[in-house]
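Subject: Structure for your files

Hello,

The structure we spoke about is below. Notes on what was found in it follow.

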Amino acid sequence: MANAARPREINSHSVLDKDGRNLRLVLANDITDRWNLPKPWKAIEMAEASNKLKTTFLNNISHEVRTPLNGILGVMSLLADPDMDEEEREGLNEIVTISSERLMQTITDYMDISLLTSGNMEKIY
């Protein structure tokens with residue numbers, strides 16, 4: 001069987017590189033052996049795996065979106081201080097920029113994962 005036709009299970013994990021940058025690790029596992037199980041067991045296993053994957057995905061995306069958003073909101077409340085000096089303000093503005101870029105990259109990554117799992121990635125790129 002050609003690689004393109006094999007069923008796959010896709011998992012995504014957020015990881016930090018040695019410089020502290022947020023990266024996305026995407027694993028694709030060949031699940032042909034599970035795919036070819038007898039129909040009743042296959043359906044039950046697929047439903048359970050799908051439910052678990054959905055829950056994990058929602059927990060992960062919630063965490064990955066909330067983390068930079070909390071940074072942005074926290075810094076924005078600090079920037080409201082009229083007595084803050086310009087150097088502190090510039091540092092906080094940098095945190096907002098970094099957190100905003102991380103949030104945008106996280107959303108882009110999840111959109112790419114969605115396109116990849118739906119088979120529509122080729123149409124975009």
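Which residues form a nonpolar patch on the surface? They are Val 15, Leu 23, Leu 25 and Leu 27, with about 280 Å² of accessible area together. Accessible areas come from the Shrake-Rupley method with a 1.4 Å probe, and for residues only the protein chains shown count as cover. Patch residues have over 30% relative accessible area and no salt bridge, and nonpolar side chains (Val, Leu, Ile, Met, Phe, Trp, Tyr) are joined within 5 Å. Strand S2 (residues 22–30) supplies the largest share of the patch, three residues, and Leu 27 is found in that strand. Helices (H or I, at least four residues) and strands (E, at least two) are DSSP runs, numbered from the N terminus.

This is a predicted model, in which local features need pLDDT of at least 70 and side-chain atom pairs count only at pLDDT 80 or more, while totals for chains, interfaces and linings use all residues. Residues are numbered from 1 along each chain as its sequence is written, and side-chain values use heavy atoms, with hydrogens and water left out.

The chain averages a pLDDT (the predictor's confidence in each residue, from 0 to 100) of 84, and 92% of the residues score at least 70. Confidence is highest in H3, at 89, and lowest in helix H4 (residues 121–124), at a mean of 58.

The largest pocket holds about 670 Å³ of space. Of its 23 lining residues, Glu 9, Ile 10, Asn 11, Ala 49 and Leu 53 are the closest to its centre. A pocket here is an open set of points on a 1 Å grid where a 1.4 Å probe fits, with protein on both sides within 12 Å along at least five of seven lines; lining residues have an atom within 4 Å of a point. H2 gives the largest share of this lining, ten residues.

The second largest pocket has about 150 Å³. H3 gives the most to its lining, with seven residues; Asn 22, Ile 98 and Arg 102 are among the residues that line this pocket.

Five salt bridges (a side-chain nitrogen of Lys or Arg within 4 Å of a carboxyl oxygen of Asp or Glu) turn up in the whole structure. One joins the side chains of Asp 30 and Arg 6 (3.2 Å, N to O). Asp 30 lies in strand S2 and Arg 6 in the segment before S1, so the pair ties together parts that are 24 residues apart in sequence.

Regards

Notes:
Grid points are joined across faces, edges and corners, and a volume is the space filled by probe spheres set on the points. Patches are made of residues with over 30% relative accessible area and no salt bridge: like charges are joined within 9 Å, nonpolar side chains (Val, Leu, Ile, Met, Phe, Trp, Tyr) within 5 Å.
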